[in-house]
Amino acid sequence: MTELMAMFVGICAAILMGIVHHYALSGILKFSPQRSDGSGFRIILTFSTLLLLHVLELVTLAVFNTMVVASVLPQSFSNSPPMFQDVLYVTGISFSTLGYSSIEVVGPFRLLLMLQSLLGFMLLTWSATFLYSACQQVWQKAKDD
């Protein structure tokens, strides 16, 4: 897989993940309690659901990365072949935009992880804005009461 192909695959995966994230947020909005008594239940429910959503996204990306490494880019890790937990770790570090890893990644796979870092930044900030909106509604209701 060339660098250009890695970029293309990364962009397609990011767009697909963004679409899934959009519908997940729509589902959270649809099924979360619309009326709030100010207790914060809606905030906790939204936070917990977002946490589970991000873990699911992270594991999905790690499975995708594992398939890419196994089938197309077997020399992507300095300790080839990597175990799934190594791929999950590197994917999580990239997705969370921390970017530090004790596992060295080489070749075009680095570009794929770079795009996943951008994706993680976008999804995490999107979710943070969504959570803040839910908090604002609860806090405003508590203030009005």
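This is a predicted model: local features need pLDDT of at least 70, side-chain atom pairs count only at pLDDT 80 or more; totals for chains, interfaces and linings use all residues.
Arg110 is exposed, because its relative accessible area is 52% and exposed means over 50%, buried under 20% and partly exposed in between (1.4 Å probe, protein chains only). Residues are numbered from 1 along each chain as its sequence is written, and side-chain values use heavy atoms, leaving out hydrogens and water.

**The overall picture**

- The protein has four helices and zero strands; helices (H or I, at least four residues) and strands (E, at least two) are DSSP runs, numbered from the N terminus.
- Reading along the sequence gives the pattern α-α-α-α.
- The C-alpha trace spans about 60 × 25 × 20 Å along its principal axes.
- Of the 145 residues, 37% count as buried.

**How α1 meets α4**

- Two packed helices are described by the angle between their axes and the distance between the axes.
- Helix α1 (residues 3–31) and helix α4 (residues 109–144) have axes that come within 8 Å and cross at roughly 15°; axes are lines fitted to C-alpha atoms, for helices over the stretch in contact, and angles run from 0 to 180 degrees between N-to-C directions.
- That crossing makes α1 roughly parallel to α4, since angles under 35 degrees count as roughly parallel, over 145 as roughly antiparallel, 65 to 115 as roughly perpendicular and the rest as oblique.
- The contact of α1 with α4 has 17 nonpolar, five polar and one charged residues; here Ala, Val, Leu, Ile, Met, Phe, Trp, Tyr, Cys and Pro count as nonpolar, Asp, Glu, Lys and Arg as charged, and the others, Gly among them, as polar.

**Aromatic pairs**

- The whole structure holds two aromatic pairs; rings of Phe, Tyr and Trp (its six-membered ring) pair if their centres lie within 6.5 Å, and planes under 30 degrees apart count as stacked, over 60 as edge-to-face and the rest as tilted.
- Phe77 and Phe109 make a tilted pair, because their planes stand at 45°, with ring centres 5.7 Å apart.
- This pair links distant parts of the chain, 32 residues apart: Phe77 sits in the loop between α2 (41–71) and α3 (84–95), and Phe109 in helix α4.
- Phe77 is buried at 2% relative accessibility, and Phe109 is buried at 0%.
- Tyr132 and Trp139 form an edge-to-face pair, 6.4 Å centre to centre with 75° between the planes.
- Tyr132 is partly exposed at 48% relative accessibility, and Trp139 is partly exposed at 46%.

**The nonpolar core**

- The largest nonpolar core has twelve residues, among them Val9, Phe77, Ile103 and Phe109; such a core is a set of buried Ala, Val, Leu, Ile, Met, Phe, Trp, Tyr and Cys residues joined through side-chain atoms within 4.5 Å.
- Helices α2, α3 and α4 are the elements that give two or more residues to this core.
- The largest share, three residues, comes from α4.

**Another residue of α4**

- Leu111 is found in helix α4 and is partly exposed, at 23% relative accessibility.
- Leu111 and Val20 are 91 residues apart along the chain, and their C-alpha atoms are separated by 22 Å.
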